[in-house]
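Subject: Handover of a structure

Dear colleague,

Please find below the structure that I am passing on to you. I would be grateful if you could look it over before reading the notes that come after it.

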Amino acid sequence: MSLSGPRVRHPLPPAHWPTRQAAAGSRWFSPIRIGRSLTALERTWVPAMVPWRATDDGLVTPEVLDWYARFADGQPGVLVVEATGIRDIASGPLLRIGDDRFVPGLRALVDTVREHSRGRTRLFIQILDFVTVRRRPEPERFFGRYLEVTDALRGQLALWLDDPRWREAPDQSVRAFLLAADRVTHETVLNDRELEALDYGYRERIWDTQLPHIQELPRVLPGLFADAARRAREAGFDGVELHYAHAYTMASFLSRLNTRRDGYGGSRENRVRLPLEVLAAVRARAGEDYVVGIRYLGDEVIEGGSDLDDAVWFGVRFAGAGVDYLSVSKGGRFEDAKQPKIGEAVYPYTGPSGYECMPTVLSDAGGPFGRNVPLAAAIRRAIRDAGWQTPVVTSGGIATFDQAEAILERGEADCVAAARQTLADPDWFRKIRLGYGDRVRRCEFTNYCEGLDQRHKQVTCKLWDRAFDPADPAVSLASDGRRRLSAPPWSPPDEG
Ligand SMILES: Cc1cc2nc3c(=O)[nH]c(=O)nc-3n(C[C@H](O)[C@H](O)[C@H](O)COP(=O)(O)O)c2cc1C
Ligand code: SF4
């Protein structure tokens with residue numbers, strides 16, 4: 001299902017908060033076993049969110065620690081640390097785990113969460129790989145440097161201009177001509193990928209097997225993921241979450257768009273091959289008792305992409321291969337993303353599939369609330385029918401206790417995750433647990449936070465900014481000096 005029909009603004013769902021006793025007796029606040037030997041004390045879950053607070057070298061900063069400390073204050077059952085790169089390559093202020101030098105910082109993060117949650121929160125880290133995406137270039141740079149002047153391009157020019165001399169034209173003449181040429185000429189002589197590189201920025205595909213580093217992905221990725229998992233264990237995390245969702249390498253292997261011809265693309269069996277090999281390598285390195293989960297897409301929501309049928313099939317295979325939980329997301333692909341401005345990179349949450357990943361109140365008749373639950377429910381049903389008890393996590397527009405409780409009661413998922421609601425109010429689980437649900441600061445689902453993420457700016461919530469005194473020395477501000485960097489503190493009235 002994707003957005004259909006006219007968009008309307010939806011009100012937030014009404015919230016009836018439970019008493020302390022009712023919360024204690026609820027399904028959402030009850031324990032669950034994950035993997036062979038881990039118990040989460042609750043089924044409350046904070047899924048991965050990138051806050052852009054690492055150093056440019058991918059190291060944990062005090063701001064990273066503060067970000068996770070605030071989530072840990074709310075003591076969710078499970079907290080998943082943001083997508084963290086498994087390679088030792090420059091990736092901007094994204095956390096990295098591609099070398100042993102990252103371990104001490106990550107260990108400090110683990111210690112911080114243990115302390116702030118008083119040992120009540122189980123902590124996983126999401127590990128990911130991605131391929132190259134470049135910023136949309138200035139036309140001068142594109143035609144002057146980036147575009148490869150091939151014989152095919154010269155041939156297209158000769159045909160379009162009806163002048164065979166272009167077949168022998170020097171590189172510089174081709175570049176100068178194209179820079180000055182009109183749009184129709186560009187659309188005629190450039191192939192689809194060249195035109196995309198001009199309009200959106202160069203972007204690799206995992207089926208570009210003519211590129212040696214793409215060809216070798218199946219050979220290198222199991223080892224890279226396994227090493228990252230070993231480091232996660234050394235740092236003290238309770239488990240790793242393999243990022244097989246959204247716009248990144250592993251989701252692209254699972255995609256129906258994957259046309260690799262080396263046994264890793266085409267049929268479902270081939271598309272799931274590398275994801276299963278990575279899972280096996282991680283399991284072998286991290287140990288049987290270590291939690292290894294997978295986050296993947298219940299539906300890509302793009303033309304020609306994988307849908308729920310694929311996701312159900314993959315889910316059963318992952319469960320059969322011994323994954324410890326499945327966290328189901330939706331959409332967030334590059335294929336339908338909006339054109340970025342010159343100098344910016346394409347962002348996978350701007351198109352219709354991006355909407356499905358982080359739905360807002362401006363929605364179709366279905367609305368954003370619990371919109372993606374049917375995907376998790378179908379996957380869970382198929383897994384149970386196949387005889388596996390693997391827990392399934394759902395997320396997407398979940399913002400009240402009642403929603404979460406109903407999802408669990410209907411058996412649509414085993415854990416219920418909330419990203420933006422927990423960003424808006426990291427204390428909300430604790431407030432509900434203690435019977436102060438009426439004090440929850442409710443997410444408005446208008447995606448100010450996602451806009452910051454898009455520009456790789458430190459992510460904050462617009463609701464935190466309403467209540468602070470910029471002169472207060474206890475308030476730390478984002479690097480633009482205008483926003484508070486973490487949620488205002490809260491303690492229960494009886495603690496003063
Ligand atoms: C700022 C921000 C960063 C996110 N980063 C990640 C990420 O690193 N990995 C991931 O799997 N999902 C990421 N997500 C998606 C969320 O985990 C979640 O699936 C999505 O926001 C829908 O849930 P919600 O409606 O509870 O917010 C991010 C979401 C936001 C708002
Ligand atoms: S910025 Fe908006 S969408 Fe994001 S968490 Fe805050 S209220 Fe929710």
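The notes below go from the chain as a whole to its core, its domains and its ligands.

Please bear in mind that this is a predicted model.

Overall form. The secondary structure of the chain consists of 20 helices and twelve strands. The radius of gyration is 24 Å, close to the 23 Å given by the globule rule for 496 residues, so the chain is as compact as a globular protein of that length. Of the 496 residues, 48% count as buried. Among contacts between residues at least 6 apart in sequence, 72% join residues at least 24 apart.

In soluble globular proteins, nonpolar side chains tend to be buried together. The largest nonpolar core in this chain has 123 residues, and those with the most contacts inside it are Ile 127, Phe 225, Val 240, Leu 242, Val 282, Ile 379 and Val 416. Helix 10, residues 217–235, gives the largest share of this core, with nine residues. A second, separate core has six residues, among them Phe 142, Phe 143, Leu 178 and Leu 198. Leaving aside residues up to four places away in sequence, Ile 379 touches Gly 298, Ala 311, Val 312, Gly 315, Leu 326, Val 328 and Val 392.

Domains. The domain assignment gives domain 1 as 8–132 + 209–425 + 432–444, and domain 2 as 139–199. The C-alpha centres of domain 1 and domain 2 lie 42 Å apart.

Ligand 1. There are 25 residues around ligand 1, of which Pro 47, Ala 48, Ala 83, Ala 419 and Arg 420 come nearest. Strand 5 (78–85), helix 18 and helix 20 each supply at least two residues of this shell, and the largest share, three residues, comes from helix 20. By class, the shell around ligand 1 has 13 nonpolar, seven polar and five charged residues.

Ligand 2. Ligand 2 is surrounded by 13 residues, and the closest are Arg 420, Cys 443, Tyr 448, Cys 449 and Cys 461. Two or more residues of this shell come from each of helix 18 (420–424) and helix 20 (448–454). Helix 18 gives the largest share, three residues. The shell around ligand 2 divides into eight nonpolar, two polar and three charged residues.

With kind regards

Technical notes
Residues are numbered from 1 along each chain as its sequence is written. Chains are lettered from A and ligands numbered from 1 in the order in which they are written. This is a predicted model: local features need pLDDT of at least 70, side-chain atom pairs count only at pLDDT 80 or more; totals for chains, interfaces and linings use all residues. A residue is near a molecule or strand if its C-beta atom, placed from the backbone, lies within 6 Å of it. Helices (H or I, at least four residues) and strands (E, at least two) are DSSP runs, numbered from the N terminus. Ala, Val, Leu, Ile, Met, Phe, Trp, Tyr, Cys and Pro count as nonpolar, Asp, Glu, Lys and Arg as charged, and the others, Gly among them, as polar. The radius of gyration is taken over C-alpha atoms; the globule rule is 2.2 Å times the number of residues to the power 0.38. A residue is buried if 20 or more other C-beta atoms lie within 10 Å of its own, exposed if 12 or fewer, and partly exposed in between; C-beta atoms are placed from the backbone. Two residues are in contact if their C-beta atoms, placed from the backbone, lie within 7 Å. A nonpolar core is a set of buried Ala, Val, Leu, Ile, Met, Phe, Trp, Tyr and Cys residues joined through C-beta atoms within 7 Å. Domain bounds come from an automatic or database domain assignment.
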